[in-house]
Amino acid sequence: MQIVKSIAEMQSICRNLRTQGITMGFVPTMGALHKGHLSLIQRARSECKTVVASIFVNPLQFAPGEDFAQYPRTFEEDCRQLESEGVAVLFAPDATEMYPNGAVTTITVPGIGDRLDGASRPGHLTGVATVVAKLFHLVAPHRAYFGQKDAAQLAVLRQMIQDLNFDLELVSCAIVRDADGLALSSRNKYLSVLEREQALVLHRALTKIEQSIAEGERHSSTLLQIGRNTLETATGIRVDYLAIVDARSLLPVATAERGVLVAVAAFIGRTRLIDNFLVA
Ligand code: AMP
């Protein structure tokens, strides 16, 4: 696996791959890799000739006071995992390479970018859209792989790709969970044993809602109340949002039809976790 730190070198490698007609799958990450990330790599491997990954803890997507400084960084171990999954090129720039002095241009997706996580974390989705647009320019992949876990991110990127005519296919990949249902996240590393137990209520609340839908309940207001009732049983958590929204616009919907997004975010102690499902 080639590890590349410079933008110029990355552009040249990817340009060569593209001119040779090699299908490129791209998996952007912030590192601290787990099986969720690896599932994206595996999917890309199965659909593309070459897989390019990136590790960049993007300062622009952390609001002031968030966990940018503490965010887990496990570069050596990440490289080992990417290598054994067959990644051909890893782009791992530092922040000054990505945002040299004087860089001021950002990409904002108004509306969608201000909903769910965008509402709770001002500037977060602008940071995401900006870095992903830059990475798309550098790599120019045929397909880019993102996890359904970050549903608001997916919605923003889908809109950005459409509006700015990025010539690539966005592939969304299913959420990978631990055996007890907790969605894998690099931030799970922050949880104490007790907090990890408390965090399971997110999945429990979503499962309750999913069961109620399967039993025929479709009214969002009723379903949200069912979810809130479950969340309220937990101690040590503070709910940020529980929402039933259109998966593309992230606007609330009155009934949970097929394809609708049911999403939750909560603080477990100081750790903010998210989870969701799409109505079947
Ligand atoms: P991150 O490193 O947190 O920026 O995540 C990089 C990519 O991995 C994003 O597209 C995430 O949505 C995806 N991802 C993170 N956790 C999971 C998970 N548990 N299952 C599937 N994809 C995930």
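Predicted model: local features only at pLDDT ≥ 70, side-chain atom pairs only at ≥ 80, totals over all residues.

Trainee: Which element gives the largest share of the lining of the largest cavity?

Mentor: The largest cavity has a volume of about 70 Å³, and its lining includes Lys-149, Ser-185, His-203 and Asp-275. Helices (H or I, at least four residues) and strands (E, at least two) are DSSP runs numbered from the N terminus, and here helix H8 (193–214) and strand E9 (271–278) each supply at least two lining residues. The largest share, four residues, comes from H8.

Trainee: Why does the second largest cavity lie between two domains, and which domains are they?

Mentor: The second largest cavity has a volume of about 40 Å³, and among the residues that line it are Leu-116, Asp-150, Tyr-241 and Val-264. Strand E9 gives the most to this lining, with three residues. Domain bounds come from an automatic or database domain assignment, and the cavity lies between the two domains because both give residues to its lining, namely domain 1 (2–173) and domain 2 (186–273).

Trainee: How do the lining residues of the largest pocket divide by class?

Mentor: The largest pocket has a volume of about 1100 Å³, and of the 48 residues that line it, the closest to its centre are Met-30, Tyr-71, Arg-121, Asp-150 and Arg-187. Helix H6 (124–139) is one of the elements that each supply at least two residues, and H6 provides the largest share, six residues. Ala, Val, Leu, Ile, Met, Phe, Trp, Tyr, Cys and Pro count as nonpolar, Asp, Glu, Lys and Arg as charged, and the others, Gly among them, as polar. On that scheme, the lining divides into 21 nonpolar, 17 polar and 10 charged residues.

Trainee: Which residues are the closest to the centre of the second largest pocket?

Mentor: By class, the lining of this pocket has 10 nonpolar, two polar and four charged residues. The second largest pocket has a volume of about 210 Å³, and of the 16 residues that line it, the closest to its centre are Ile-55, Phe-56, Val-57, Arg-73 and Pro-93.

Trainee: Which residues are exposed on the other side of H9?

Mentor: Helix H9 (residues 220–232) has 13 residues and reaches 18 Å from its first C-alpha to its last, close to the 18 Å expected at 1.5 Å a residue, where the expected span is 1.5 Å times one less than the number of residues. Taking buried as under 20% relative accessible area, exposed as over 50% and partly exposed as in between (1.4 Å probe, protein chains only), the buried residues of H9 are Ser-220, Leu-223, Leu-224, Gly-227, Thr-230 and Leu-231. They cover an arc of only 120° around the axis, which puts them on the same side of H9, the arc being that of the directions from the helix axis to the C-beta atoms. On the other side of H9, the exposed residues are Ser-221 and Glu-232.

Trainee: Within what arc do the buried residues of H1 fall?

Mentor: The buried residues of helix H1 (residues 7–19) are Ile-7, Met-10, Ile-13, Cys-14 and Leu-17. Seen down the axis of H1, these buried residues line one face of the helix, because they fall within an arc of 130°.

Trainee: Is Val-87 buried or exposed?

Mentor: Val-87 sits in the loop between helix H3 (75–84) and strand E4 (89–91). Its relative accessibility is 5%, so Val-87 counts as buried.

Conventions. Residues numbered from 1 in each chain as written. Heavy atoms only, no water. 1 Å grid on protein atoms, 1.4 Å probe; cavity = no way out; pocket = protein on both sides within 12 Å on 5 of 7 lines; lining within 4 Å. Points joined across faces, edges and corners; volume = space filled by probe spheres on them.
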